[in-house]
Amino acid sequence: MQFIHEIFSFNPILTVSLLGWFVAQVLKTLINFILLGKFQLERMWGDGGMPSAHSATVCAMVIATARCEGVNSAIFAVASVVAIITMHDAMGVRHETGEQAKVLNQMIAQWIDVSEKNAPFLQNMHLKEMVGHTPLQVVAGVLVGVAVGLLYPIA
């Protein structure tokens, strides 16, 4: 037990950040199971979905940094900027990429149907649609990250 404690106390900011990611991924997998009625293990490491694990990770990092180094530290400023950029990107570019993938996948399916399956290079093409987040998914990730950051005991 002492060994595990030493591993987790080696770098509390990193530990809390990874724990924020892990909690969000477990919640995402459980929510996916409840909504779809089937267990999909790939949700444990996959992008997109509720809550945003990216947001949970960076928010847990910000809270842990504030608790360890203080809000006046340079590392807190860096962590905060990284968190803002990460969450903005999750809702913006990455979310739009997923929306575009949905349209392209539909176009590919229609093309295959129209071309009477004479496009073998398109047969196995399917773009990943779940890559970004809605604002609600990001807010849920923020709440998970803040909770983990505040609840984790930092010496």
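**Notebook: cysteines, then helix packing**

Cysteines came up for a check, and I counted zero disulfides, a disulfide being a pair of cysteine sulfur atoms within 2.5 Å. The model is predicted, so I kept its limits in view: local features need pLDDT of at least 70, side-chain atom pairs count only at pLDDT 80 or more, and totals for chains, interfaces and linings use all residues. Residues are numbered from 1 along each chain as its sequence is written, and side-chain values use heavy atoms, with hydrogens and water left out.

I looked up Cys59, which is buried at 9% relative accessibility. Cys68 is partly exposed, at a relative accessible area of 28%. The cut-offs are under 20% relative accessible area for buried, over 50% for exposed, and partly exposed in between, using a 1.4 Å probe and protein chains only.

**Entry: the chain as a whole**

I read off seven helices and zero strands in the protein chain. Helices (H or I, at least four residues) and strands (E, at least two) are DSSP runs, numbered from the N terminus. The pattern along the sequence is α-α-α-α-α-α-α. Of the 155 residues in the protein chain, 37% are buried. I also looked up contacts, meaning heavy atoms within 4.5 Å. Among those in the protein chain with a separation of 6 or more, 70% join residues 24 or more positions apart.

**Entry: α3**

I checked the length of α3 and found its end C-alpha atoms 23 Å apart, which agrees with the 24 Å that its 17 residues should span at 1.5 Å a residue. The expected span is 1.5 Å times one less than the number of residues. The buried residues of α3 include Ala53, Thr57, Val58, Val62 and Ala64. Their cover includes α2, α4 and α7.

**Entry: α7**

Helix α7 covers residues 135-151 and reaches 24 Å from its first C-alpha to its last, close to the 24 Å expected. I listed its buried residues as Gln137, Val138, Ala140, Gly141, Val144, Gly145, Val148 and Gly149. Down the axis of α7 they fall within an arc of 165 degrees, so they line one face of the helix. The arc is taken over the directions from the helix axis to the C-beta atoms. Pro135, Leu136, Leu143, Leu150 and Leu151 are exposed on the other side of α7. The cover over the buried residues of α7 includes α2 (12-36), α3 (53-69) and α4 (74-91).

**Entry: α3 against α7**

I looked up how these two helices pack. Their axes come within 7 Å and cross at roughly 35 degrees. Axes are lines fitted to C-alpha atoms, for helices over the stretch in contact, and angles run from 0 to 180 degrees between N-to-C directions. The crossing of α3 and α7 is right-handed, meaning that the near helix is turned clockwise from the far one by less than a right angle. On the α3 side I noted Ser55, Ala56, Cys59, Ala60, Ile63 and Arg67, and the α7 residues they meet include Val138, Gly141, Val142 and Gly145.

**Entry: α4**

I found that α4 has 18 residues and reaches 26 Å, close to the 26 Å expected. Phe76, Ala79, Ser80, Ala83, Met87 and Ala90 are buried in α4. They fall within an arc of 100 degrees seen down its axis, so they line one face of the helix. Ala74, Ile84, Ile85 and His88 are exposed on the other side of α4.

**Entry: Gln25**

I placed Gln25 in helix α2. Gln25 is buried, at 1% relative accessibility. Beyond its neighbours within four places in sequence, Gln25 is in contact with Arg43, Met44, Trp45, Gly46 and Ala53.
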